[in-house]
Amino acid sequence: MISIAVLGYGTVGSGVVEVIEKNKEVIDRRAGEEIRVKYILDLRDFPGDPYADRVVHDMNVILQDPEVSIICETMGGNEPAFTYSMQALKAGKSVCTSNKELVANHGAELIRTAKENSCNYLFEASVGGGIPIIRPLNAALTAERIELINGILNGTTNYILTRMAEEGSDFETSLKEAQEKGYAERNPEADVEGYDACRKIAILASLMTGKTARYEEIYTEGITKITREDFLYAHKMNQFIKLLASVREVDGKYYAMVAPFLIGEKNPLHSVNDVFNAIFIRGNTLGDSMYYGRGAGKLPTASAVVSDVIDCAKHGRTHIVCLWDEEKLPLCSIDGASRRFFVRAKKGCEKEAESLFGAIETVDAGLDGEFGFVTPSITEKEFAEKSAALSGFISRIRVEED
């Protein structure tokens with residue numbers, strides 16, 4: 001029998017217990033031993049809960065119990081999750097987590113500590129919820145040199161953009177609907193400003209390169225400035241607006257960013273709607289592959305945590321190799337990245353736009369007093385300079401070519 005502890009009995013933590021009990025027979029068979037939840041750590045009591053007798057309030061109870069070999073950290077945030085995870089690993093107890101913030105901040109250090117103590121630090125659920133992506137990068141794709149990872153990594157923003165596209169609603173109305181349905185938090189800043197997607201792409205960039213990508217250095221732009229008018233132009237161009245998180249290698253240099261993009265029908269991410277997520281990967285010999293599913297939610301995320309528990313159970317005290325060092329990954333400024341841009345501008349400055357940008361493609365969405373156009377491919381720096389000089393400039397959205 002393998003005894004485990006769950007740290008945090010919130011949405012994901014309670015989901016972990018539910019998945020283990022619901023799929024007990026298949027989980028035990030695949031793990032090779034019976035998996036039992038012995039402790040649940042939380043500040044609260046849960047009278048009437050079927051697992052109330054397993055709730056403890058002192059982490060030391062778990063750390064000092066030699067029967068507990070695997071810990072599921074579903075607390076979220078940096079502290080006390082980091083301290084508890086380090087204590088567990090140093091005690092030789094493997095840790096499985098859904099905590100993207102902690103993984104983005106301390107992933108390499110925690111992996112090293114696990115290796116030093118012959119246990120494991122696994123984090124499948126930290127990116128993409130229930131979508132398997134960490135394990136493929138660590139196993140199935142290890143023969144590849146990854147050239148591009150491009151993904152829709154946040155279900156809240158994808159739901160909002162889908163509603164705006166399909167219903168013609170504005171951002172605030174779509175956000176309110178997402179909150180009413182439980183898809184957005186009361187304070188949605190981490191989602192709508194792109195911070196959540198930024199941490200996730202930092203984790204993927206680290207696994208792609210084997211070095212630590214600092215999320216603070218990744219250019220991040222959310223969706224709060226996207227308007228219903230933008231979708232009128234997108235529809236006219238047969239394009240879709242998505243919040244993309246990407247990291248790519250160009251001539252040995254790495255660029256990473258999070259921002260809204262216009263994408264066309266040839267891009268497989270165009271059909272990823274509502275709360276679904278997808279991660280598109282390009283390898284130098286495999287070519288293109290994509291991983292799609294529910295990127296968040298109680299049971300999908302918990303399922304990914306439990307898959308890591310099974311992995312730990314099967315490997316025992318054998319450390320599973322994960323190439324992620326503490327050496328910092330140098331990220332290039334996006335100023336040198338080249339792409340096309342869609343621009344909205346006031347009527348009357350068409351010639352000025354053509355003079356600044358060259359051979360533009362104009363777009364008429366039937367909006368009074370303005371027009372749209374797509375620029376040729378230019379660098380971010382060039383675009384910033386030219387758009388600042390355009391007297392009738394209103395807004396811009398980047399265009400994704402892949």
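This report covers the strand pairing, helix packing and salt bridges of one predicted model.

## Basis

The model is predicted, so local features need pLDDT of at least 70 and side-chain atom pairs count only at pLDDT 80 or more, while totals for chains, interfaces and linings use all residues. Residues are numbered from 1 along each chain as its sequence is written, and side-chain values use heavy atoms, without hydrogens and water.

## The parallel sheet

Six strands make an open sheet. Their order is β3-β2-β1-β4-β5-β6, and the pairing is parallel. Helices (H or I, at least four residues) and strands (E, at least two) are DSSP runs, numbered from the N terminus. Two strands pair if DSSP finds at least two bridges between them. β3 (55-56) and β6 (121-122) are the edge strands, each pairing on one side only.

Two bridges join β5 (residues 94-97) to β6 in the parallel sense. Tyr 121 of β6 is the bridge partner of Val 95. Helix α12 (residues 298-315) packs on this sheet. The helix touches β1 (2-7), β2 (35-41), β4 (68-73), β5 and β6. Contact means heavy atoms within 4.5 Å. The direction of α12 makes about 160° with that of β5. Axes are lines fitted to C-alpha atoms, for helices over the stretch in contact, and angles run from 0 to 180 degrees between N-to-C directions.

## Helix α1 against α12

Helix α1 (residues 11-22) also meets α12: the two axes come within 8 Å and cross at roughly 65°. The helices are therefore roughly perpendicular to each other (under 35 degrees counts as roughly parallel, over 145 as roughly antiparallel, 65 to 115 as roughly perpendicular, the rest as oblique). On the α1 side, the contact residues include Thr 11, Val 12, Gly 15 and Val 19. On the α12 side, they include Leu 299, Ala 302, Val 305 and Val 306.

## Antiparallel partners of β13

Six bridges join β13 to β17 (residues 393-399). Five bridges join β13 to β15 (residues 370-374). Two bridges join β13 to β16 (residues 378-379).

Arg 340 has Val 399 of β17 as its bridge partner. Val 343 stands opposite Phe 373 in β15. Arg 339 stands opposite Ile 378 in β16.

## Salt bridges

The whole structure holds 35 salt bridges (a side-chain nitrogen of Lys or Arg within 4 Å of a carboxyl oxygen of Asp or Glu). One of them joins Lys 100 and Asp 196 at 3.1 Å, N to O. Lys 100 lies in helix α5 (residues 100-116) and Asp 196 in helix α10 (residues 195-209), so the pair ties together parts 96 residues apart in sequence. Lys 100 is partly exposed at 28% relative accessibility, whereas Asp 196 is buried at 7%. Buried means under 20% relative accessible area, exposed over 50%, and partly exposed in between (1.4 Å probe, protein chains only).

Glu 327 and Lys 211 form a salt bridge with their closest N and O atoms 3.5 Å apart. Glu 327 is partly exposed at 48%, and Lys 211 is partly exposed at 27%. Arg 214 pairs with Glu 216 at 3.1 Å between the closest N and O atoms. Arg 214 is partly exposed at 21%. Salt bridges also link Arg 163, Glu 166, Glu 167, Glu 177, Lys 181 and Asp 274 in a network.
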